[in-house]
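Subject: Structure for you to look at

Hello,

Here is the structure I promised to pass on. Please open it alongside this email; my notes follow below.

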Amino acid sequence: MSSMTKKAKGFKKSKSGMYLSIGTTAFGAISVIKQARTAREEHDTLRLIDAAVSAAAIVTGIALLYRELKRLGDDDVLLG
């Protein structure tokens, strides 16, 4: 394993990496919101279901990242 790969894996498990992951996951919500709006306007039930499933995946992903961040022992005021 190269040094860069080790650094990348270490960053993913760091507090900074977790915050970045939460941010990028939340940013994906913008796309899902646009998809849901379009689906509602076009009365496209299948796309609306897809947007709902995607939204659930985003919420679950953020919850998992938040849990991992708590496991890292972050004393951040925002996390309680």
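The chain has three helices and zero strands. Read along the sequence, the pattern is α-α-α. Helices here are DSSP runs of H or I with at least four residues, strands are runs of E with at least two, and both are numbered from the N terminus.

This is a predicted model, in which local features need pLDDT of at least 70, side-chain atom pairs count only at pLDDT 80 or more, and totals for chains, interfaces and linings use all residues. Residues are numbered from 1 along each chain as its sequence is written, and side-chain values use heavy atoms, with hydrogens and water left out.

Confidence

pLDDT is the predictor's confidence in each residue, on a scale from 0 to 100. The chain has a mean pLDDT of 81. In it, 75% of the residues reach 70 or more. Confidence is lowest in helix 1 (residues 3-12), with a mean of 52. It is highest in helix 3, at 93. Where pLDDT is low, the predicted coordinates should not be read in detail.

Helix packing

Two packed helices are described by the angle between their axes and the distance between the axes. Helix 2 covers residues 15-41 and helix 3 covers residues 45-71. Their axes come within 9 Å and cross at roughly 165°. Helix 2 is therefore roughly antiparallel to helix 3. Axes are lines fitted to C-alpha atoms, for helices over the stretch in contact, and angles run from 0 to 180 degrees between N-to-C directions. Angles under 35 degrees count as roughly parallel, over 145 as roughly antiparallel, 65 to 115 as roughly perpendicular, and the rest as oblique.

The crossing of helix 2 and helix 3 is left-handed. That term applies if the near helix is turned anticlockwise from the far one by less than a right angle; clockwise is right-handed. What kinds of residues make up the contact of helix 2 with helix 3? They divide into 16 nonpolar, six polar and five charged. Ala, Val, Leu, Ile, Met, Phe, Trp, Tyr, Cys and Pro count as nonpolar, Asp, Glu, Lys and Arg as charged, and the others, Gly among them, as polar.

Burial and contacts across the sequence

Of the 80 residues in the chain, 15% count as buried. Buried means under 20% relative accessible area, exposed means over 50%, and partly exposed is in between (1.4 Å probe, protein chains only).

Met18 lies in helix 2. Is Met18 buried or exposed? At 5% relative accessibility, Met18 is buried.

Ser14 sits in the loop between helix 1 and helix 2. It is partly exposed, at 23% relative accessibility.

Lys70 belongs to helix 3. It is partly exposed, at 34%. Lys70 and Lys15 are 55 residues apart in sequence, yet 9.4 Å apart in space, C-alpha to C-alpha.

Salt bridges

Side chains of opposite charge can pair when their charged atoms come close. A salt bridge here is a side-chain nitrogen of Lys or Arg within 4 Å of a carboxyl oxygen of Asp or Glu. The count by this rule is three.

Arg71 pairs with Glu68 at 3.8 Å, N to O. Both are in helix 3, three residues apart, so about one helical turn separates them. Arg71 is exposed, at 57% relative accessible area. Glu68 is partly exposed, at 24%. Elsewhere, salt bridges with shared partners join Glu42, Asp44 and Arg47 into one network. In it, Arg47 meets Glu42 at 3.6 Å, N to O. Arg47 also bridges to Asp44, with the closest N and O atoms 3.6 Å apart. Glu42 is partly exposed, at 49%. Arg47 is partly exposed too, at 41%. Asp44 is partly exposed, at 25%.

The loop at His43

His43 is in the loop between helix 2 and helix 3. Its phi is near 55°, a positive value in a residue other than glycine. Most residues other than glycine have a negative phi. His43 is exposed, at 71% relative accessibility.

Best wishes
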